[in-house]
Amino acid sequence: MKYSLGLAACAAFALAAPAPTETIEKKDNIQARAACASKVTLAPGSNPFASRTLHANSAYASEVALAVAAISDESLKAKAAAVGKVGTFLWIDTISRVPLVAQTLAEVPCTDIVGLVVYDLPGRDCAAKASNGELKSGELSRYQKEYIDPIVAAIKAAPNVAIALLIEPDSLPNLVTNANLTTCKASASDYKAGVAYALKNLNLPNVAMYIDAGHGGWLGWDANLQPGADMLTGVYKTAGSPKQVFGIATNVAGWNAWQKSPGEFESASDAKYNKCQDEKRYIAAFNPLLKKGGMPNHAIIDTGRNAVQGLRLEWGDWCNVNGAGFGVRPTSTTGDSLVDAFVWVKPGGESDGVSDPSADRYDSFCGHADAFTPAPQAGQWNQAYFEMLIKNAVPSF
């Protein structure tokens, strides 16, 4: 996605949705699911990840298995196979992928919490080219009836499964910092109404919802903190203040460090206008504003690809950053009372955007000097990039 930079600079990352993958239910997973006889209730104010493991969904595991088969080096092959066992969020980015929800819920054992990304707003990613969605601005009714409603039905049919939902990456942050763009102006009402509809209707006992809140290099600028909090709390209240909203998600598909001093861009000339030079400082600054506005203020942080710092030439460079590595594995041990878990949201190996300038949906950020090339269309598998993430992983596999 594109974002303008300056004193109130903002940056974001293209959110590549996974390519469709057929899910096959495994016998042992079905048996584990059957053993979970009682309904799940995720109590507001609790940490839903504290006693559960983020589920390693079979859709991503299938992609990884194909990647493993293409690797000849035995050491790298073993490490790659281990990636497929790491819990990762599943992106439901089109109406055609909605059936994956029920399929995936059927494979989740009682020890796990499954992560799903709700990501199909009309006019999606209004400041981007690489990850535009299928629904046009004005198609709110389709979003509600053909996308959200079937997801709600699938979750209601699986009340004994713990579910973490990440709600609409980039949407509300775009309305804070890119409201001047014609595309974002056209999408604004659908974004607000769509997110509110999702929050209200997905407000189910076995669900913990986290609303996307960008990252420290986006809403963390002094001029963006309060407007960002106001945007999120406003939509939350429009939805009726649903009790299963636990807080926010940050650094989705991103590269920012959780904690780094000095921060990656702390020596930049405009750093004095942004005290949120890592995600820990962003949470410390942003989340109290959410609480003051009447919204739950816990968080989950995407650490899927943030192992290596100092790679980006600009904070706003979001596409297929070259030299990146898999970060901290999903865990509820975060050392911060406001952070429920470090999670893997972006499926490592799936492209952020195509690097060929002549290709449809090409975004110039995917051709920057710090972007990995060649790269396929957003969501398509990039074998070389996947292998790089493994080699540069911290901790290593």
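Guide: Lys 280 has a relative accessible area of 24% and is therefore partly exposed, a class that lies between buried (under 20% relative accessible area) and exposed (over 50%), as computed with a 1.4 Å probe on protein chains only. The model is a predicted one, in which local features need pLDDT of at least 70 and side-chain atom pairs count only at pLDDT 80 or more, while totals for chains, interfaces and linings use all residues. Residues are numbered from 1 along each chain as its sequence is written, and side-chain values use heavy atoms, with hydrogens and water left out.

The partner of Lys 280 is Asp 336, and their side chains form a salt bridge with an N to O distance of 3.1 Å, the term meaning a side-chain nitrogen of Lys or Arg within 4 Å of a carboxyl oxygen of Asp or Glu. Lys 280 belongs to helix α9 and Asp 336 to the loop between β7 and β8, so this pair links parts that are 56 residues apart in sequence; helices (H or I, at least four residues) and strands (E, at least two) are DSSP runs, numbered from the N terminus. Asp 336, at 15% relative accessibility, counts as buried.

The structure holds 12 salt bridges, among them the one between Glu 264 and Arg 312, at 2.6 Å from N to O. Because Glu 264 sits in the loop between β6 (245-250) and α9 (279-292), and Arg 312 in the loop between β7 (298-302) and β8 (339-343), the pair ties together parts that are 48 residues apart in sequence. Glu 264 is buried at 17% relative accessibility, and Arg 312 is buried at 6%. In a further salt bridge, Arg 97 and Asp 93 bring their closest N and O atoms to 3.1 Å, and both of these residues are buried.

As for the interior, a nonpolar core is a set of buried Ala, Val, Leu, Ile, Met, Phe, Trp, Tyr and Cys residues joined through side-chain atoms within 4.5 Å. The largest such core has 68 residues, and Leu 165, Leu 202, Leu 232 and Phe 286 have the most contacts inside it. Helix α5 (residues 140-156) gives the most to this core, with 8 residues.
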